[in-house]
Amino acid sequence: MSTSDCLIVVSNRLPVTVRTTASDCSLEWSGGGLVSALTPVLRETGGCWVGWTGTDYHETVAESLDRWSSQQNYSLEPVFLTPAEEASYYEGFSNEIIWPLFHGLPSRCQFDSTYWAGYRAVNAKFADGVERVAGNGGFIWVHDYHLMMLAENLRARGVIERLAYFHHIPFPAPDTFETLPWRSEVLRALMRFDSLGFQTPRDRRNFVESLHRCLPGVQVSGVGERLRVRFEDHWSNIGTYPISIDYSALSAEASGPDVTTEAEKIRQGCSGTAIILGVDRLDYTKGIPERLIAFQTLLRSDPEVRGRVTMIQLVVPSREHIQEYIELRRRIERLVSNINGEYSSPGWVPVHYFYRAVSRTELLAFYRAAQVALITPLKDGMNLVAKEFCASRIDNRGVLVLSEFAGAAAELRNGALLVNPHDTEKVAELVASALRMTESEQRIRMELMRRQIESYDVFRWSESFNIESKPSPSLIQDLRAAPAHMSH
Ligand code: ADQ
């Protein structure tokens, strides 16, 4: 995208967490993949970020955001939600329907029609927020499954900017998608965007197959990863754009003296044992219990490794008020306690568990201190942790054991050891072979992955998505002239 274009990013949450007391309000950077990926882009281009504050309306919050905006080269436009809106749109439709369904877990879904009504109403509220800051031409870039109805709302209000949507989570197979009672409404609304981007070829394929199945009359033109799709009178570009990280900034920071000192402290804290690292947001899709069971299997089956390896599991708190997440946390803590109770010996504790967000310096130090990164989501749109781990390995050492169901597996398959995260015995075996891997093999694999991430970093991701979101007038003419043919 040309940096002169005005960029409006829209996502469920603003990139800051708002903390309020009776008299005061403070803002802190939020964690999560979306913020990690988009902050460097917006910092470079300027513009505006529209999103929910995580609160209902408070004057002090609005004032703090104004103050924050005046000190940055982009501004924050708040959307405030009432507790009822939060319950139906966020906790209900987004977290109890779309999140599990799109991660292939329909049995976890609560198909409640009041959630659907709340979702549509809040998408309209977001459209109000976008309307307040739009109007200078440019580009409105909507992020993720919370806001699938937004283009329809904005077009109905006469907003004429280019509208693009990036889908950060997996798009399920049509057999799963079609269980959604509001499947046609959601697809129709998505087809009002000018461009839609997906993380992997599989997600893109699933989306197009779902269109064919649920929206009669849809026409698809093109082959490979860049398609044009016509529904009613509107054409959309559809493509695959794997999200990435700011590789150079991360590698440079990882080589800094603070990170080096901290990494050494972590190694000493683990008495020089080999470190196996897990880093995740708290979520049932991340496969944290399954991973702990795999580690337990390794300790059980191979007494030689006891006292020689330490697993460090970092979990950043997420969706803490939702019952399922409270239960998941308890389950993880029970497993950690069982493993430590069963296998600890004087001077050695097998699992070091942290339930908090760690600073960037600490996070990079953990990446550098580890011998194995064990990243085994049951399903994941991309998984930026896998890419961050490789970017931090300026020594070209370390082994990535990666779930074949993470989007990142499509790009990193030549360097990582891929595994089915449900097969805990196989995970244990692969960890054992990762611990035995020679330095020369580690180097070959790590270099392959680092080169891939360096050549397709977050700026390339954003540029390729945005440039291709703007079809050339000649292409549009060609497509209008030619009879559309079905292809998928
Ligand atoms: P997430 O599900 O949030 O993102 P992910 O891509 O792994 O998942 O990003 C997590 C981010 O949080 C990483 O940048 C990581 O550094 C950070 N993080 C994790 N644990 C932390 C801790 N304890 N302390 C500090 N930081 C921590 C969604 C999708 C993903 C997709 C991203 C981006 O679910 O599949 O990769 O969006 O598209």
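Let me start with one residue pair. Val-10 has Val-142 as its bridge partner in β6. Keep in mind that this is a predicted model.

Now the strands around that pair. β1, residues 7-13, and β6, residues 139-143, run parallel, and five bridges join them. Both belong to an open sheet of nine strands. The order is β5-β4-β1-β6-β7-β8-β11-β10-β9, with mixed pairing. At the edges sit β5 (74-79) and β9 (219-221), each pairing on one side only. From one strand to the next, the twist averages 20°.

On to the ligand. Where does it lie relative to domain 1 and domain 2? It lies between them, because both domain 1 (7-243 + 461-487) and domain 2 (247-455) give residues to its shell.

There are 25 residues around the ligand. His-168, Val-358, Asp-380, Met-382 and Glu-388 come nearest. By class, the shell holds 12 nonpolar, seven polar and six charged residues. Several elements supply at least two shell residues each: α1 (33-45), β12 (274-281), β13 (309-316), α13 (360-369) and α14 (384-392).

Arg-281 places a polar side-chain atom 2.9 Å from an oxygen atom of the ligand. For Lys-286, again through a polar side-chain atom, the distance to a ligand oxygen atom is 3.0 Å. Leu-384 uses its backbone instead: an N or O atom there lies 2.8 Å from a ligand oxygen atom.

How much of the ligand's accessible area does the protein cover? The ligand has 720 Å² on its own, and the protein covers 94% of that.

Technical notes: Residues are numbered from 1 along each chain as its sequence is written. This is a predicted model: local features need pLDDT of at least 70, side-chain atom pairs count only at pLDDT 80 or more; totals for chains, interfaces and linings use all residues. Side-chain values use heavy atoms; hydrogens and water are left out. A residue is near a molecule or strand if one of its heavy atoms lies within 4 Å of it. A polar contact is a pair of N or O atoms within 3.5 Å; within protein, one must be able to donate a hydrogen and the other to accept it, and residues adjacent in sequence count only if both atoms are side-chain atoms. Accessible areas come from the Shrake-Rupley method with a 1.4 Å probe; for residues, only the protein chains shown count as cover. Helices (H or I, at least four residues) and strands (E, at least two) are DSSP runs, numbered from the N terminus. Ala, Val, Leu, Ile, Met, Phe, Trp, Tyr, Cys and Pro count as nonpolar, Asp, Glu, Lys and Arg as charged, and the others, Gly among them, as polar. Domain bounds come from an automatic or database domain assignment. Two strands pair if DSSP finds at least two bridges between them. Axes are lines fitted to C-alpha atoms, for helices over the stretch in contact, and angles run from 0 to 180 degrees between N-to-C directions.
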